[in-house]
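Here is a short briefing on one structure. The points are grouped by topic.

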Amino acid sequence: MTSIGVGLKRRTIEEAWLAHISLPRVRQRRTFEEAWFAHLEIDRSQRIEEKIPSSNSMAWLVSARANPIYSSHNLRRSLLPRPMASRALEIPYKHPAIALRPSKSLSLVAASLQPSKTISAGQFGNTVPTEDVLNIWRSAGAVCFDVDSTVCLDEGIDELADFCGAGKAVAEWTTKAMSGSVPFEEALAARLSLFNPSLSQVQEFLDKRPPRISPGIAGLIKKLMANNIDVYLISGGFRQMINPVALQLGIPLENIFANQLLFGSSGEFIGFDAKEPTSRSGGKATAVQQIRKVHNYKALVMIGDGATDLEARKPGGADLFICYAGVQLREAVALKADWLIFDFEELITSL
């Protein structure tokens, strides 16, 4: 485990975090950054002088040149929060069949500082929106959201695979799919073939590991709906796992475009519905084009983190692609976005 120290008291991240969670309940509401600095006995004046912003934003991690290394198939059970995830469980889960409770199995995940290979927010020229971008955002009749690593903190298929015992192998395929290095349909079939989830496994997974909603997304969706802007969820994930998310956020189930797991009469896995547009490369773009054609929206915006989300920006599809990097920063996608954000609050305040 890498320890941290540049003239500071050297402690591992696990020690600092465990010390944080052992504090009395009334003090546990502090952010991870505050607990970290308090544990290292650094006073607030020094933090202000060094101009280190709140860790509630991924921008802090970028400016601090910190690159956490997470085992994605084990992340849900980690005591160390992801960037932007410290308040992920503040929103009560309302699905009638699933109770929100922490995972029973908990383990620490390593994190390290890698100063030799960093990504600086300054290298992106699209973190401040142009006037044209803001005009489109404010005039949109509909906003389409990716789900995994955008509306939710996790990649759903990776989490399901981990639950079924094939997390690491599936996570590697997910990385390929999100970077656009392999056709999405190939990556989807390959991932599912590694663990063939049964209906009972999916149901048990949803019961034991309900979706974790990204901080700020509920407020953004609420404001969009209050402004009479339609909201859609467009995902390469599965309806069985996305329906509870939509119910929690008040999004109509008919506004979901996602894949469908197929099961036999005994609940055995038999495949996925290849007729769904999101089951193949370019599928999100097709779904967005269908939405726009049916509803004749004047302007439509796509928000996501991956290459398949970027594909939705095309004639007849999305007018604007906003890259959300609050969970995963995929540099190739971020560079091509019309607007790069790390916090949904940026979108709320811009409406």
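Of the 36 residues in the largest nonpolar core, Trp137, Phe145 and Ile303 touch the most other members. A nonpolar core here is a set of buried Ala, Val, Leu, Ile, Met, Phe, Trp, Tyr and Cys residues joined through side-chain atoms within 4.5 Å. Buried means under 20% relative accessible area, exposed over 50%, and partly exposed in between (1.4 Å probe, protein chains only). This is a predicted model: local features need pLDDT of at least 70, side-chain atom pairs count only at pLDDT 80 or more, and totals for chains, interfaces and linings use all residues. Residues are numbered from 1 along each chain as its sequence is written, and side-chain values use heavy atoms, with hydrogens and water left out.

- Ile303 is in contact (heavy atoms within 4.5 Å) with Trp137, Val143, Cys144, Phe145, Asp146, Thr150, Ile322, Tyr324, Phe344 and Leu347, leaving aside neighbours within four places in sequence.
- A second, separate core has 25 residues, including Ile291, Leu300, Leu310 and Ala318.
- In soluble globular proteins, nonpolar side chains tend to be buried together.

**Sheet**
- Six strands form an open sheet in the order E5-E4-E3-E8-E9-E10, with parallel pairing.
- Strand E5 (256–259) and strand E10 (339–341) are the edges, and each pairs on one side only.
- Neighbouring strands of this sheet are turned by 20° against each other on average, direction ignored.
- Strands (E, at least two residues) and helices (H or I, at least four) are DSSP runs, numbered from the N terminus; two strands pair if DSSP finds at least two bridges between them.
- Strand E3 (residues 142–145) runs parallel to strand E4 (residues 230–238), joined by four bridges.
- Phe145 stands opposite Leu233 in E4.
- Helix H8 (residues 184–193) packs on the sheet and touches E4 and E5; its direction makes about 60° with that of E4.

**Helix pair H6 and H7**
- The axes of helix H6 (residues 156–163) and helix H7 (residues 167–179) come within 8 Å and cross at roughly 165°.
- Axes are lines fitted to C-alpha atoms, for helices over the stretch in contact, and angles run from 0 to 180 degrees between N-to-C directions.
- H6 and H7 are therefore roughly antiparallel to each other (angle over 145 degrees).
- Ile157, Asp158, Ala161 and Asp162 in H6 meet Gly167, Val170, Ala171 and Thr174 in H7.

**Glu276**
- Glu276 lies in the loop between strand E7 (269–272) and helix H12 (283–295).
- Glu276 is buried, with a relative accessible area of 14%.
- Glu276 touches Arg239, Ala258, Asn259 and Gln260, not counting residues up to four places away in sequence.

Notes. Angles under 35 degrees count as roughly parallel, over 145 as roughly antiparallel, 65 to 115 as roughly perpendicular and the rest as oblique.
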